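Thanks for passing this one along.

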Amino acid sequence: MTNNISSQQLIIEGAGCASCVGKIERALKGALGVVSAEMNFADRTAVVVGTAKTEELIRAVESVGYNAKPIDHSSAAEVIDEKEVADRAYYKKLMRDTFIALSLGVPLMIYSIVVGEMTVETDLERISWFMVGVLTFGVMYFSGKHFYVGAWKSFKNHSANMDTLIALGTGTAWIYSMVVVFVPDAVPMMARHVYFEATAMIIGLIDLGLALELKARGKTSEAIKRLIGLQAKTATVIRDNKEVQIGIEKVLLNDVVKVKPGEKISVDGVVLEGHTSIDESMLTGEPMPVEKVEKDEVVAGTLNKSGMIFFKATRVGKDTALAQIIDMVKRAQNSKPPIGRLADVISGYFVPVVMIISVLSALAWLNLGPDPAIAFAIVSATTVLIIACPCALGLATPMSVMVGVGKAAEAGVLIRNGEALQTASKITAMILDKTGTITDGAPKVTDIVLANATNDKEVLQLAASLESGSEHPLAQAIVESALERGIELLKIDSFNAITGFGVEANCDKSALLFGNDKLMAVKDVDITGYVEQAQTLAKEAKTPMYFAIDGQLAAIIAVADPIKPDSISAIKRLQANDIRVIMLTGDYKETAAAVAAKVGITEFLAEVLPADKANKVQELQDSGETVGMTGDGINDAPALALADVGFAIGTGTDVAIESADITLMRGSLHGLADAIAVSKATLRNIKQNLFGAFIYNVSGIPFAAGALYPFFGILLSPVIAGAAMAFSSLTVVSNANRLRLFKAQEH
Amino acid sequence: MIIINILGVALIAIIVWWFWLYKPNKTVVINNEILIEVKDGMYSPSSIQVSASQPVTLKFVRKDQSPCAETMLIPSLDISEQLKLNEVTQITLLDLSPGEYEFHCQMQMYRGVLKVI
C-alpha cells in the first residue's frame, strides 16, 4: 500500500488467548520493513509501524494461523468530516479572492460612476491607467488564476467550460484596456476607454458567487449527513467474558454486543438476551418505538430506549442496513432523471456557441454600430461571454435531486434513482396488493366451521401441520394459532404447494387438502352446503379456506388480516392526488370487496394469481396509465418489475432494497403518498430551475449582445453581467434548498 | 472592414473546428489500471482505451477543490462516485462489453471517455 513509514491498524481474527499476542507480534515484526508491532488483545487490533505493505502484514499473521484485515478508516463519517474541512478552507480562499478583487473593483466602479467615462487622453491618464492595469493584473493573478489555468488546460484539450468564458471575457476587457493605454492611436478617439473595473469586479463577483454556492451546496447534503450521523462511534462488546469498548469499525461478525438504555445500536444483529423498546423512527419514519425480545432483529443507527440487551452482530461495517441505505441514497442523489438530459445535451455545446455569439455580436457592432463601434463591440463581446451561465443549466437538475432524494430518505422513503423519482411524480394509477400492504399481513384465525369433522382442535392440528410447510402469510396464521393453543404439530410428507390454489400433503396416511374453492373443485371435494357460510365469512372481510381430509370437507377455517390503522387516510391522500387506486388480491371476491369498502377503494380485482398481477399492470399501461405497483417485493416481483414504478413495503427495517424502484422503510401506506408528494415537489423544483436557467440564458445573451440598443439605447455593462452570472447559479442552488422545507402532509 | 469581417468569420470557423470537429487522438491505451488526475477543469488522461472482458481500475485523484470536480458519473454503468480531495478514489469495473463509456462531472464540464474494444 505504501512505501513510506506509516502506521497501520489491523483487526486480528481468531486470537482466543493472551498467549497468541506474542506470536502475532513476532510474526508481524518478522515481516519486511516493520519497525514496531503491538497488539491490543482487548480489542483484537494491532498497530504496525514501518514500510511494510498491508498485504504482507496480513500474510505474516496468516502464516501463524490467524486472520487479519485492515481497518477501514474511510468511514462515511470521516469522509464527510474531511470534506467539510476542505470545503471550509476553499470557502475561505474564495472569500479572500473576492475581497482582493473587490478592493480594486469597487473603488474603480465608484470612480467611473462619479467621474464618468474612464478615458485615456493625456499622458498623466496613460500613466495612471497603466498602474491601475498592473494592479488589475495582480487581481487576475491572485483572485482569478484558477479561471485562466482552467480555461487554458481545457482549451488544450479541445473543450471549453465556464472558466473559458470568464477568462475570455475578463481577458478581452483587460487586453483592450492595455492596448488603449499603450497604443491609444490604434483606436478611435471616442473609443479610448479602459475597462479595468469590469475585469476586477467580474472576478470578484464570480468568486463571491462560487463561495456562496459552496455554502448553499453544503446544505443540500444535510440529509446524508444526518443519516451518517446516526452511526454509533463505539460499541461495548463482550470478549473473554469481559466488556470492552471499541470503535464500531472493529466490531466483528458474531461479536456479542451490549446496549444500555439510551445508547445507539452499533451494528445489525439479533437479540440474544433481554427485552427493550427501540426507537426506529430515524430510519423508518415510524414514530412508535418497537418492542424487541430474544431473536428479534436490531438495526444499526436506531436508539435503545428502555431495557438493556445483548445482541449478536449479524451484519457489520459496510453490510449494515444503515450503511446500505446511506450508499443507496448517495447514489440516487447523484443520478439524473430523464428531464435533465436536454440540459446535459445543451451544456455540451453551450460554451462554444456562446463564443460564436460573442464574435457575431462584435461583428454586428463593428459593421452596423454607432461610433465608437470598436468600444461597443468590445463591451458587447465581453458581456455576452460573461453573462452566459452554463452552471445554472448544469446545476438545475442535480441540486434538486440531491435535496429531494435526501428529503425522501428522511421520511423513510428510499428512491433508487432519478428516473424512479421522475416517474413517481407522474403516476396516475396505483395498484396495491392487499395482504401486507393495505392490511397488516399478520392474519389470525377467527372462525373454524366444522363440516364432517367433529373436533376443532384436531382440525387445527392437522391444518397447522400441513401449513407448516408453506410460507404464505395465511398459512403462518394457522400455524401460529395452533401453537398458541399449545397444539403439537405432526409430521407431514409429500408436501405440495399449488400456487394460487392452496396446498396438499399426507399426514399419517390421510391425504390433506387446504385451499380455496377452486382447489376443492379440481380435487372433486364436495363443498355444497358450506359455500354460503364461506361467503358470509368473506363479507366480514375474513378469508375462508376449505380443509379436506381424504377427499371430504372437514371444516372451513376463516382467517382475518386486520387493516393497518392508517391505510384509510393514506389511500384518501392518494385519491386526493387524482391517482386511481386499485386493489389486487388472491383472496376471495367477498373478502376483497369487504376490505376495499372499508378503505374506500372502488376498483379491485380478487382471486388473482401472481402472474395475473403483472397482466393487470400491463393492461393499465396499455390504456395509457402510468402505473405504480406496491407489494411486499417477494410474491409480487414480476408485477413490481413491470410497473413504471415498483414500491416495496419494508416491514420495519427489513429493507427490500434490491427489487424495487422505491422502498418504503415503514409499513404504513403514508410512505407511498409521501414518496409521490416528494417526487412531485422535486420535479416541480427541477422544472423551476431549468426554466429559470433557460430563460436567463436565452434572454440574457441577446440582451448582453445589445439587442435592446436599437430600440432603447441600452447596452448592458459587463459588471452587471458578472453579477447576474454569479447569482444565477446561486439562485438555482438556493431554489433547490427550498425543497428542504418540504414537509410530507401531516398524518 | 472587410478584413475584420473575414477575420471574425475565420475566428468562428476556428472555434467550430477546434471544439467540435477536431478529434484529438490522445487516447491512452492501458492494461488494467490508470491514474486519472482531476484538476483545472479536466480529467487527464481523458480518453482511455482498454480491452474488453478484463477488469479495469480507474484511480481518480482529485486535486481541484471546486465542488464541480467532486462527483464523477458513468451514467451508462449507473455509477456515481464522490471523489475525495487529494486522495485516490478507486473504481473497478468488471467484464465491460465493447463500447464507449463516457464519464463526467455533474455538470459535464469535466469529461472523459473509456473506450472498450
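**Notes on the fold and the chain contact**

1. Let me begin with a strand pairing: K258(A) in β7(A) is the bridge partner of T236(A). Strands and helices here are DSSP runs, numbered from the N terminus, with at least two residues (E) for a strand and at least four (H or I) for a helix. This is a predicted model, in which local features need pLDDT of at least 70 and side-chain atom pairs count only at pLDDT 80 or more, while totals for chains, interfaces and linings use all residues. Residues are numbered from 1 along each chain as its sequence is written, with chains lettered from A and ligands numbered from 1 in the order in which they are written.

2. β7 (residues 256-259) of chain A has partners in β5 and β13. With β5 (residues 234-239) of chain A the pairing is antiparallel, over 3 bridges; strands pair if DSSP finds at least two bridges between them. With β13 (residues 309-315) of chain A, also antiparallel, there are 4 bridges, and I309(A) is the bridge partner of V259(A). V257(A) and V259(A) form the covered face of β7(A), whereas V256(A) and K258(A) form the uncovered one.

3. In helix α7 (residues 222-229) of chain A, the residues A223(A), I224(A), L227(A) and I228(A) are buried (20 or more other C-beta atoms within 10 Å of their own, with C-beta atoms placed from the backbone; 12 or fewer would be exposed, and in between partly exposed). They lie on the same side of α7(A), because they cover an arc of only 135° around the axis, taken from the directions from the helix axis to the C-beta atoms.

4. The largest nonpolar core has 246 residues, and I557(A) and I662(A) have the most contacts inside it. Such a core is a set of buried Ala, Val, Leu, Ile, Met, Phe, Trp, Tyr and Cys residues joined through C-beta atoms within 7 Å. Helix α23 (residues 670-705) of chain A gives the most to this core, 16 residues.

5. Now the contact between the chains: chain A brings 35 residues and chain B 28 residues, a contact being two C-beta atoms, placed from the backbone, within 7 Å. On the side of chain A that touches chain B, α10(A) has the largest share, with 11 residues.

6. Two backbone details deserve a look. S44(B) and P45(B) are joined by a cis peptide bond, with omega about 0°. D508(A), not a glycine, has a positive phi of about 50°; D508(A) counts as exposed, with 11 C-beta neighbours inside 10 Å.
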